[in-house]
Amino acid sequence: MEDNDDKRRNEYVQTLRSKGGAYYSSYLKIPELLSLQQPLSRSEAIPNQEAHDEMLFIIVHQTYELWFKQMLHEIDSVREILSNVPMDDRGIVKCVSRLQRVIEIQKVMVQQLTILETMSAMDFLAFRDLLFPASGFQSMQFRLVENKLGLLPSQRMTYGSTAGGVGRGYCSYLRESDAETVTASEKSPSLFELVEAWLERTPFMVVSTDQKPSEESLPTSSEATSSSPAAPWLWWTHFQDAVSRMLQMDDESFLSNPRLNEAEIASARKEVAATREHFMSVLDAEKYEAARKRGERRLSHGAMQAALLITLYHEEPILQLPFLFLQALLDIDEHLTTWRYRHALMVHRMIGIKLGTGGSAGYYYLRATADRHKIFGDLFNLSTFLVPHRLLPSLPADVRARLSFAFGVSTNQSSSSSPPPQQHSTTISSSPLLPPHPLPASSDSSAKCPFGHGSS
Ligand code: HEM
């Protein structure tokens with residue numbers, strides 16, 4: 001099959017060459033591209049009225065649309081990779097590097113607003129009346145970016161009036177064909193949903209172990225710590241203990257602080273109790289589900305636990321890429337929010353607090369979207385539930401080995417009692433030119449597809 005594909009490709013190259021090969025402007029469709037900037041103020045109907053800055057206004061918007069197109073190209077490919085279960089281990093590298101590209105585009109998108117800001121509010125007024133009721137609000141590609149990332153229809157700010165007094169849905173401002181495309185994107189699995197499913201498949205949530213973690217590093221109270229050596233290592237139980245210890249230490253530090261008076265101690269302990277309650281909303285599955293139903297959390301409990309595991313133990317080799325993946329999602333959400341704020345500020349200086357050409361409350365509407373239209377809020381909130389490294393339950397040596405790269409170790413060498421990672425690294429691939437392929441250090445099924453999260 002591959003031979004056939006190669007053959008066809010070679011023939012295609014020959015055909016292209018026989019026709020003289022590619023030519024810059026034909027390949028890039030430059031004439032077509034350059035014919036697409038048509039200012040309304042240049043119309044023959046209003047001779048000598050061309051607004052100089054309308055050209056900039058058009059080019060800047062068109063450039064954004066091209067960047068949106070590239071972003072969608074990357075987001076779609078990441079969604080496709082994540083849709084294949086089990087996912088190929090190599091897929092996660094592609095996901096991370098493509099999302100990094102989206103992030104770089106977003107940085108340019110924020111920066112690019114300064115070019116438009118060289119247009120003054122007065123210069124804008126020279127052609128603004130010609131634009132009604134068109135608005136960036138009608139950018140179909142922007143809506144696709146939002147939906148494919150995972151913005152929920154129920155999260156959206158609405159504006160305009162309806163019989164029931166609720167604002168009109170955003171699709172009602174679009175042409176029918178655009179509205180259909182956008183509505184379809186609401187129904188296909190978003191990046192948020194695919195990431196959630198990928199997190200839920202994370203191995204290592206429960207790991208069977210032959211070894212106990214070192215006694216001094218462990219919390220004392222849990223059942224898990226006193227279980228038999230062959231029992232599964234439940235990191236979540238250990239984590240709960242670590243949280244208890246941390247809060248206990250906070251509590252004690254206030255009690256023993258000679259500088260605090262009784263009232264201050266009481267108030268500080270109240271804070272600790274509130275923090276404990278807050279932690280419980282995540283540690284306790286039922287409370288978590290209740291918060292989810294109230295719309296305070298979006299990720300499933302299992303996915304959130306996995307995201308915590310990846311974040312807490314992100315230095316372990318096998319978790320490094322998943323961690324970068326989660327960080328990239330945070331970056332994308334953050335840059336999108338930054339763009340929303342920057343765009344809102346630009347709008348404020350251009351039109352003050354006038355209504356937008358699309359009919360919204362302009363600046364106020366846009367500021368509200370910056371606050372409300374966040375997608376990966378759960379990943380941001382994760383930091384609330386981190387505990388310092390020194391309090392983290394230490395991993396049993398064999399679990400640690402499974403979370404490490406095992407360079408040059410054959411699978412039959414590895415077992416659940418395989419040596420710790422330092423010993424593996426002595427058998428690194430002999431060729432300095434070839435990057436050694438990391439092998440899972442265990443034959444345990446949970447480690448077979450560590451990045452792809454193939455096992456459930
Ligand atoms: C002079 C420059 C601009 C002004 C005054 C402006 C104004 C506005 C206003 C008032 C809105 C709210 C909807 C409405 O009532 O019209 C809006 C939305 C929007 N604009 Fe702009 N805009 C400008 C430039 C841009 C640029 C360069 C882009 C790049 C594509 C853009 C993209 C958008 C998008 C995507 C929305 C929808 C935001 C949302 O609903 O969350 N705008 N704009």
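Close-up 1. Although isoleucine 115 and leucine 56 are 59 residues apart in sequence, their C-alpha atoms are 8.5 Å apart in space. The model shown here is predicted, so that local features need pLDDT of at least 70 and side-chain atom pairs count only at pLDDT 80 or more, while totals for chains, interfaces and linings use all residues. Residues are numbered from 1 along each chain as its sequence is written.

**Close-up 2. The chain as a whole.** The chain has 18 helices and 2 strands, and buried residues make up 25% of its 456 residues. Of the contacts in the chain with a separation of 6 or more, 70% are between residues 24 or more positions apart, a contact being a pair of residues whose C-beta atoms, placed from the backbone, lie within 7 Å.

**Close-up 3. The shell around the ligand.** The ligand is surrounded by 23 residues, and the closest are Ser135, Gly136, Gly356, Gly358 and Ser360; a residue is taken as near the ligand if its C-beta atom, placed from the backbone, lies within 6 Å of it. Helix 4 (54–83), helix 14 (317–351) and helix 15 (363–372) each supply at least two residues of this shell, and helix 14 gives the most, with 4 residues. By type, the shell divides into 11 nonpolar, 12 polar and no charged residues, where Ala, Val, Leu, Ile, Met, Phe, Trp, Tyr, Cys and Pro count as nonpolar, Asp, Glu, Lys and Arg as charged, and the others, Gly among them, as polar.

**Close-up 4. The largest nonpolar core.** This core holds 52 residues, of which Leu82, Leu149, Val195, Ala307 and Leu329 touch the most other members; a nonpolar core is a set of buried Ala, Val, Leu, Ile, Met, Phe, Trp, Tyr and Cys residues joined through C-beta atoms within 7 Å. Two or more residues come from each of helix 4, helix 5 (91–116), helix 7 (140–149), helix 9 (191–200), helix 10 (235–255), helix 13 (301–312) and helix 14. Helix 14 provides the largest share of this core, 8 residues.

Close-up 5. The buried residues are Leu191, Phe192, Leu194, Val195, Glu196, Trp198 and Leu199, and what covers them includes helix 4, helix 7, helix 13 and helix 14.

**Close-up 6. The crossing of helix 11 and helix 12.** Two packed helices are described by the angle between their axes and the distance between the axes. The axes of helix 11 (residues 262–283) and helix 12 (residues 285–293) come within 5 Å and cross at roughly 90°; such axes are lines fitted to C-alpha atoms, for helices over the stretch in contact, and angles run from 0 to 180 degrees between N-to-C directions. Helix 11 and helix 12 are therefore roughly perpendicular to each other, a term used for angles of 65 to 115 degrees, with those under 35 called roughly parallel, those over 145 roughly antiparallel and the rest oblique. Met280, Ser281 and Val282 in helix 11 meet Lys287, Tyr288 and Ala291 in helix 12, and the residues of this contact divide into 4 nonpolar, 1 polar and 1 charged.

**Close-up 7. Backbone details in the loops.** Most residues other than glycine have a negative phi, and most peptide bonds are trans. The peptide bond from valine 85 to proline 86 is cis, with omega near -5°, and proline 86 is found in the loop between helix 4 and helix 5. The bond from phenylalanine 132 to proline 133 is also cis, with omega near -5°, and proline 133 lies in the loop between helix 6 (121–128) and helix 7. Lysine 29, which is not a glycine, has a positive phi of about 55° and is found in the loop between helix 2 (24–27) and helix 3 (30–34). Asparagine 48, likewise not a glycine, has a positive phi of about 60°, and it counts as exposed, with 4 C-beta neighbours inside 10 Å.

Notes
Two residues are in contact if their C-beta atoms, placed from the backbone, lie within 7 Å. A residue is buried if 20 or more other C-beta atoms lie within 10 Å of its own, exposed if 12 or fewer, and partly exposed in between; C-beta atoms are placed from the backbone.
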